[in-house]
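This report describes how two protein chains meet in a model. The sequence and structure come first.

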Amino acid sequence: MAAKKKITKTTLPKTPTGIIGLDEITLGGLPKGRPTLICGGAGAGKTLFAIEFVVRGAMEYGEPGVIVTFEEKAEDLQMNVASLGYDLKKMQKDGMIRMDFVHIDRSEIEETGEYDLSGLFIRLNHAIDAIGAKRVVLDTIENLFGGLTNEGILRAELRRLFAWLKEKGVTAMITAEKGDGTLTRHGLEEYVSDCVILLDHRVIDQISTRRLRVVKYRGSEHGTNEYPFLIDEDGISVLPITSLQLDNKVSSQRISSGIAGMDQMLDGNGYFRGSSILVSGTAGTGKTSIAATFADAACRRKERVLYFAFEESPAQIIRNMGSIGLSLQQHVDAGLLHFHASRPTLYGLEMHLVTIHKKITELKPRIVILDPITNLITAGLMPEVKSILIRLIDFLQSNQITVMFTALNLNTIVNEQTDEGVSSLVDTWITIKYIETNAERNRGLYIMKSRGMKHSNKVREFVISDDGLDLVDVYNGPDGILTGSAREAQQVSEATGAEMRKYSLGRKDKQIDRKRKALESKIASLHEEFDTIQDELSQTYIEEDLRKEIMEKNRHQLSQKQSNGKRKN
Amino acid sequence: MVKEKIKQAKIKEEKWELRLYIAGNTPKSMTALANLKKYCEQHLPDKYTLEIIDLLVQPQLAAGDQIFAIPTLVRKVPVPIRKIIGDLSNEEKVLVGLNIRPVKK
């Protein structure tokens, strides 16, 4: 026996659809060689979905496909999808696609007795064999129910058809109209049970969103959520809410914010490359200025920047930023800075996301700025905005693109959560708020969070001047935090104090000097006095000595005189 | 394989061009053919042409007449085109479908 037998999971062979995002949700595509049911209401995009499946199969995977339509004539269909850039005519000529329009007109058909749908089988078989098709689309087979009355035969034949398709080994896509309370109007899901995808088109608050859900997928894992999808000039793109894994690469490279003071607050180096930065603040706190400065710094590093403006036009931003000494026009001219301005209400959020996606894939910027995301709320509901942003951040991080959002706080109290609730998603969150004191408002900037780096806990004063942005230490004195002119006044008074002290110090020195001098002269006079006294004293001594000497002399003379007298006598 | 043309020599003003699509010699197809021949002989003597197309042999012909069910009888002429699907077991329905005035017996 082998020591350990590796458990080999037999995964279901899959056929990639080539539809952006769908293969991600279904983990590889649709079940190979089996029929898949696409259901949805009118205008949900079923036909396009099916056509794209075949066209992409032909264009990207070299798998020829057969399109059998029951609704539209081949020419009409060709025309409809031509707007998406699919040249069905050419592909038919190249033998990659074969179209067959099965027309069922009840008015010209009479049923009598037993029949079967062999005719359809034969046509299908003929079409498949003619080009060696691997993919088959039946759009919308339910039309048979409208054309034929004998439902018993029809159901039996459909069951046979799907079995036959499986046997034939083609990956089939069958579209069906959504029924009332059921997935399909005629219960086709009974027959096609391998994979069922539901398309939905909802209008909420006048903005429509298309959604897709994999209802079932036998024998395979799949994303179970409702995923928004879009139809634009490039066809369908499904946007997975989040990619199923959280395994984005990370970079430890740091990039400057363009504001020296800010970099200093962020561990001295600025943001991480590929991180997401949220700048929130009340109206007029300079969020756009921070974003523009960041963009300017990046352009100076010769990095490409994509700026999505949802509030101002590019010209307006360029003009306004000129007032703080930023010349954005030169970056635009150099092709480094790209603006994309659109009104948030122009289209639904999904469309915004796709536009952003597209622009990013097209321009491949290193830095993306969204200014502001708050305005997107007007285009959608809060949870939607959040889901959009999650996906956007996810997408950007997987591409190592640094993103900066600006967000408007509607109230002056800084919430722990921003209105969009993206704070938990972003890596660095900078908040600017007004500090209102002494009849003026000053901007206080602080870093709420910054993952993976030491960041300052200080409130710094954010100063916008003609030369750009700067951060100044706020004055934190015994009277509390002082900003703006109060801070300046405090600084001035401190400077004055210092000057005064210096002056007073000099005066005291002089005084002491004088005192010393006086003292010294006093000492000198005392010395002199002492000397005089000493002199006098010594004089006295001398006089005394002299007197003594004279007295001695005198006594001696006297005594001599006395002795001489006696002798005479 | 069964591709035969039955032409009646006599040319009349009103001529019926019929086509029967079958797929092999299945019982349903055979029943349909037998029924059709019977009705035609009875109601359209010498006024019809019948073409039988076996789609197993000529599958490419199925699309032209929009055939999806087997057997299908197509009345090409007189216009408008009419189709009758099934084994044609109901004589009345077939006649109504082909817009043939039955010959009184």
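Across the interface of chain A and chain B the rule finds 2 salt bridges, a salt bridge being a side-chain nitrogen of Lys or Arg within 4 Å of a carboxyl oxygen of Asp or Glu. One of them joins B:R82 to A:E110, with 3.9 Å between the closest N and O atoms. The model is predicted: local features need pLDDT of at least 70, side-chain atom pairs count only at pLDDT 80 or more, and totals for chains, interfaces and linings use all residues. Side-chain values use heavy atoms, with hydrogens and water left out.

On the side of chain A that touches chain B, the elements giving two or more residues are strand 5 (97–101), strand 6 (109–111) and helix 5 (118–131) of chain A. Helices (H or I, at least four residues) and strands (E, at least two) are DSSP runs, numbered from the N terminus. Helix 5 of chain A gives the most to this side, with 6 residues.

| Class, side of chain A that touches chain B | Number |
|---|---|
| Nonpolar | 10 residues |
| Polar | 7 residues |

The contact (heavy atoms within 4.5 Å) takes 24 residues from chain A and 27 residues from chain B.

Strand 6 of chain A pairs with strand 5 (residues 82–85) of chain B in the parallel sense over 3 bridges; pairing requires that DSSP find at least two bridges between the strands. A:I109 has B:K83 as its bridge partner in strand 5 of chain B.

Definitions and conventions:
Residues are numbered from 1 along each chain as its sequence is written. Chains are lettered from A and ligands numbered from 1 in the order in which they are written. Ala, Val, Leu, Ile, Met, Phe, Trp, Tyr, Cys and Pro count as nonpolar, Asp, Glu, Lys and Arg as charged, and the others, Gly among them, as polar.
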